[in-house]
Amino acid sequence: MEGVFGLHIVKHGRDFAFPDYKPNYPRSPDYKLEHVKAEIKVYVFEKRIEGKATLRLKSLKNGLSNVELDAVDMSIKSVKMNDQAVDYDYDGYALRVILPKKLSRGDIVEITIDYGARPKKGLYFVLPDKYYPNRVPQVWSQGESEDNRYWIPLYDYPNMKCTSELIIIAPKEFTVVSNGKLLSVQEEGDWKRWHWLMDKPHSTYLIAVAIGLFDYEEETVDGIPLQYYVPKGRKDDIKRSFARTPDMIKFFSEYLGVPYPWNKYAQVCVSEFVAGGMENTTLTILTDRTLHDEKAHMDFESEPLVAHEAAHQWFGDLVTTKDWANIWINESFATYLEAVYRRHWKGNDEFVYRLIEDLDAYLREYSTRYARPIVTRLFKYPSEVFDRHSYPKGALVLHTLNNLVGEETFRTILKRFLEKYKFSNADTEDFRKVVEEVTGKDFEWFFDQYVYNAGHPELAINYKYDPESKQLKISVRQVQKEDSWDEYELPLEIRVATKNGSRKYNFWIERKEQVFYISLDEKPEQVCFDPEFKVFAVLKIDQGPEQWIRQLKCEHVYCRVLAARALAKFRSSKVVEALKNAVIHDKFWGVSYEAALSLGKIGTEEALLALLECIKTVKHPRIRRGIVKALGNFRDERAAKALSEVLENSEESYYVRAEAAESLGKTRWEKAHDYLVKHIDAPSHNDVITIGAIRGLAELGTKEAFKVIKEYTKLGKPTFVRIAAIIAMAKFPEKREAIDIILEASKDENSRIRGAAIAAAAELMSPKLLPMLDRIASEDLSDGLRRRAREVATKIRRALEKGVEYKLLREEIEKIKEENRRLLDRLARLETKL
Ligand SMILES: [Zn+2]
């Protein structure tokens, strides 16, 4: 698509914006909210609230006659201005307060709204019921992106900051945590009144509360209290998930050159959370799924999530995106800082591998769903831009910027940006200008190609050494697709190793096709491109298995991962041997893991024998996951037996056993069913073994497997187990009952379960599910699901059209063939006549 909106956009990408989408611009009201005070009584067991919100606001113009607030599905009891009742209009979505007399610019008034609500969103009630009798009651909020308006009437958009105050009255057995500092707690009969004050301005979507029965621990770092709240009974898990929090707060303060900006940092774990974590100011709410036991600690990490949310206290909370179009200002920065923390914590190899994982995650979205500019105004729901473009792709863009300007300068940019926009909002142009201020250079080109336009550079590289001229000739072609920027500009570092050592050369890519020459006295042993992964680009290096095998021993992790992956295309004994060697001996687990997967893809008898040897010798659980996954590619009794042994072994990590269960199903071994059923209820972290067994059974695809899986789709099973079982229904396309289960799931109260129904439809691609998808697309409570359903429905319809086209084409060909036959007949007859 060619662009019309904005100067910069040339490539909108593909399949992201639907035809009816219109550009979104920031809201711009005539008033400024200064302070929100909400006193809310929470009737936990009735899932309802009674509230009184007092908003102090300032007129931004002369003659302001009314104020419009966001307030969804509330019963408004009264509205007052400075204690006097005033008129208002309410349509269930916006509350328009009619001011008794017009305000002048700068006038300040207080508007008080008495209201009640049974929030469908924004504030969530998790309660025991007949299916989940053991659930511990909890109430927690999730404001981002625009859901706080379901429980507090306010201005609900990021581009305005105010101080906030929550007075929460809850049954007295509960603990209430909110933003900022606790001013008082008072008992009032069966109730307790918790008074919290956030005395620094923040965007209203960051207002939050968590109510529950918690175990609690506190420590301090640099005078800042760090608080950890976990569900009662899980105190022992606090350390494993949060022990690195003080180090993170210290590290980010130091790296960014801006000390932690708030008075405390609380992290609260809640159940059935709708996201992984949410960086509410001073109060991050996290899924309790991040808590884990000693055994899971072998190969499960809380740190990435904890670091991401902690980084948001600067990028997201202190400086906040001005609108959803620029959400990468929050998310890419948090994602990149999470990787930077990883480098500090675990070293450079882990850092680079995280960036590779970021690239993979973005490319999966790019190739299976859509391409869009990181900053685009064309969306319908804010949730649509919280995707792999805003998180990992943006992180890689920041990484590229970091390498272009040098890390010291990059840190100066971040510091300047934070200081300039603290307690305020910023967009991409604000950031670009800080980059230009600090570097003294123009960066329009950089933001245009990487941020304001879709796609990414793909470099097809080949090289050849000419012994006569003693020249190494390197050809680089930009082969990115139509949806991407035409000609990217980027640096490319090339490392050339000869017998006498190695040297690095730097080139600048700026045209579709370029050729570079390096004078070399002798033949290169190895040529590596962007060995340290400094630049966001996809490299397609053309070299033979011998070169790849040598590259598999390069000192750089990025080179080794590329080599391990590339070698999957070659099947010789030498390649298998090299990969096996990497699985067993590489000093970084990520390379071993990749090498194991490649052995699985090679799929020969030798590869199988290599993997069977690896599973016996390798201990590292992350590598074992790769080996076990790879073994799933063999329909062979030896692979199946090895997998069943892993599954049976309770000493193995939960995640290795889970992977083994899925792979065991893929082998289709006759005994697989019995093993999977035997272990399907094995206790594990977040039920991963149960989920692995369900997936394994789905791979078997038998009647008996269906019967087992069906039970796990039911209410009463843990949410994530149900999700896996519902998605598994897609493996039974001929079963009417499977379709019925998917349809049933699409009406579930839990949005994650409805999401599973859409995921199943995406796999099944059955036109029978179109009415379900259309219904979700038009009326689901969750915007994210609406978009997803529309996307899948569009895909199914396209496939159908293609099917019809194909059918028509076939018919046409048949007709022509028939015609041809008749003509030949006639010709033959004519010939005989003649
Ligand atoms: Zn985030």
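User: What makes Tyr-155 count as buried?

Analyst: In this predicted model, Tyr-155 has 1% relative accessibility. Buried means under 20%, so Tyr-155 counts as buried. Tyr-31, at 3%, is buried by the same cut-off.

User: Why is the pair of Tyr-31 and Tyr-155 called edge-to-face?

Analyst: The ring centres of Tyr-31 and Tyr-155 are 6.1 Å apart, and a pair needs centres within 6.5 Å. Their planes stand at 80 degrees; over 60 counts as edge-to-face, so that is the label for this pair. Tyr-31 lies in strand S1 and Tyr-155 in the loop between strand S10 and strand S11, so the contact ties together parts 124 residues apart in sequence.

User: Why is the pair of Tyr-260 and Tyr-265 edge-to-face?

Analyst: Their centres lie 6.0 Å apart and the planes are at 65 degrees. The angle is over 60, so edge-to-face applies.

User: Which residues are the protein donors of the zinc ion?

Analyst: They are His-308 (NE2), His-312 (NE2) and Glu-331 (OE), at 2.0 to 2.1 Å from the zinc ion. The cut-off for donors is within 2.8 Å, so these atoms qualify. Along the chain the donors follow the spacing H-x3-H-x18-E.

Technical notes
Residues numbered from 1 in each chain as written. Predicted model: local features only at pLDDT ≥ 70, side-chain atom pairs only at ≥ 80, totals over all residues. Heavy atoms only, no water. Donors = N, O, S within 2.8 Å, 3.2 Å for Na, K, Ca; no water. Phe/Tyr/Trp six-rings, centres within 6.5 Å; stacked < 30°, edge-to-face > 60°. Helix = DSSP H or I, 4+ residues; strand = E, 2+ residues; numbered from the N terminus. Buried < 20%, exposed > 50% of the residue type's maximum accessible area, 1.4 Å probe, protein only.
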